[in-house]
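I opened the notebook today to look at aromatic rings and how they pair up. Here is what I looked up, entry by entry.

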Amino acid sequence: MKIEKYKYLSGGKYKVYINDNSYIIYEDIIIKYNLLAKKEITNEELNIFLNENNYYESYYKVLNYIKFRIRSEKEVRTYLEKNNTNRKHIDNIVEKLKIEGYINDELFCVYYVADSINLKNIGPLKIKKELQKHDISDNFINKALEKFTKDIQYEKIKKYIAKCEKINKNKSLYNLKQKILNDLINQGFYKEDILIFIDELKVDEKSIYEKEYQKLYNKLSKKYEGYELENKIKQKLYQKGFYRQ
């Protein structure tokens with residue numbers, strides 16, 4: 001097979017004209033096999049070049065994928081699989097990226113924990129659960145979570161409680177405590193840590209009760225009266241957590 005000419009393209013690629021066909025070949029292959037010096041190649045050689053070309057195409061795609069932020073090994077493998085990369089190529093690409101320092105699950109954990117602390121309101125349990133989805137060892141995760149100290153966790157818990165107090169001024173103390181507890185547990189904080197600060201909560205429940213009572217009275221008195229009205233109001237107040245122990 002006769003190599004007729006080469007044309008350099010952007011992105012480290014060449015357009016290679018062979019007989020009546022043209023192929024986009026990565027510069028890595030051109031250099032590796034010294035193709036610029038060759039005038040003839042065999043069918044077998046062309047197949048080798050094209051197979052390796054698929055490898056480099058996937059490699060450079062994944063480099064673009066990881067250039068904006070660090071990715072876990074699982075993310076990289078999933079990306080390559082979705083792009084129909086050959087299984088053997090995936091393993092080789094991942095190994096190459098590890099050697100080059102582009103894949104480092106231990107470092108991924110460090111950055112993930114730091115971002116979670118600085119940018120999110122989630123606790124250590126949720127962070128650990130999210131990192132485990134990346135198939136990262138607990139050893140790496142636990143080591144990275146050492147940066148998420150109790151003092152930092154306490155500050156996040158207190159900040160969330162203060163926020164809830166401001167936007168839930170009509171809740172009973174019981175319901176407010178339950179909401180905060182459930183929210184923070186769902187966000188991945190330890191229950192025993194949350195309870196430390198929830199137990200310090202104080203609200204003017206008498207004032208809240210009177211306001212809620214009046215609102216319910218104005219609404220329900222259009223339909224009920226006397227004992228039935230009072231009973232309906234008490235039921236609603238009970239559901240809202242008033243007079244619950």
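Before starting, I noted the cut-off for burial: a residue is buried when its relative accessible area is under 20%, exposed when over 50%, and partly exposed in between. I also kept in mind that this is a predicted model.

Entry 1. I searched the whole structure for aromatic pairs and found 11. I picked out Tyr26 and Tyr60: their ring centres are 5.3 Å apart and their planes are at 20 degrees, so I logged the pair as stacked. Tyr26 belongs to strand 3 (residues 21-26) and Tyr60 to helix 2 (residues 43-66), so this pair ties together parts 34 residues apart in sequence.

Entry 2. Are these two tyrosines buried or exposed? Tyr26 has 9% relative accessibility, so I put it down as buried. Tyr60, at 31%, is partly exposed.

Entry 3. I followed Tyr60 to another stacked partner, Tyr56, with 6.3 Å from centre to centre and 25 degrees between the planes. Both sit in helix 2, 4 residues apart, so about one helical turn separates Tyr56 from Tyr60. Tyr56 comes out at 14% relative accessibility, so it is buried.

Entry 4. I then asked which residues the ring pairs link into a cluster. My list reads Tyr26, Tyr55, Tyr56, Tyr59 and Tyr60.

Entry 5. Last, I checked for charges over rings. The charged end of Lys5 sits over the Tyr17 ring, 4.8 Å from its centre. Arg71 has its charged end over the ring of Tyr65, at 4.0 Å from the centre.

Terms used:
Residues are numbered from 1 along each chain as its sequence is written. This is a predicted model: local features need pLDDT of at least 70, side-chain atom pairs count only at pLDDT 80 or more; totals for chains, interfaces and linings use all residues. Side-chain values use heavy atoms; hydrogens and water are left out. Rings of Phe, Tyr and Trp (its six-membered ring) pair if their centres lie within 6.5 Å; planes under 30 degrees apart count as stacked, over 60 as edge-to-face and the rest as tilted. Helices (H or I, at least four residues) and strands (E, at least two) are DSSP runs, numbered from the N terminus. Buried means under 20% relative accessible area, exposed over 50%, partly exposed in between (1.4 Å probe, protein chains only). A charge sits over a ring if NZ of Lys or CZ of Arg is within 6 Å of the ring centre and within 35 degrees of the ring normal.
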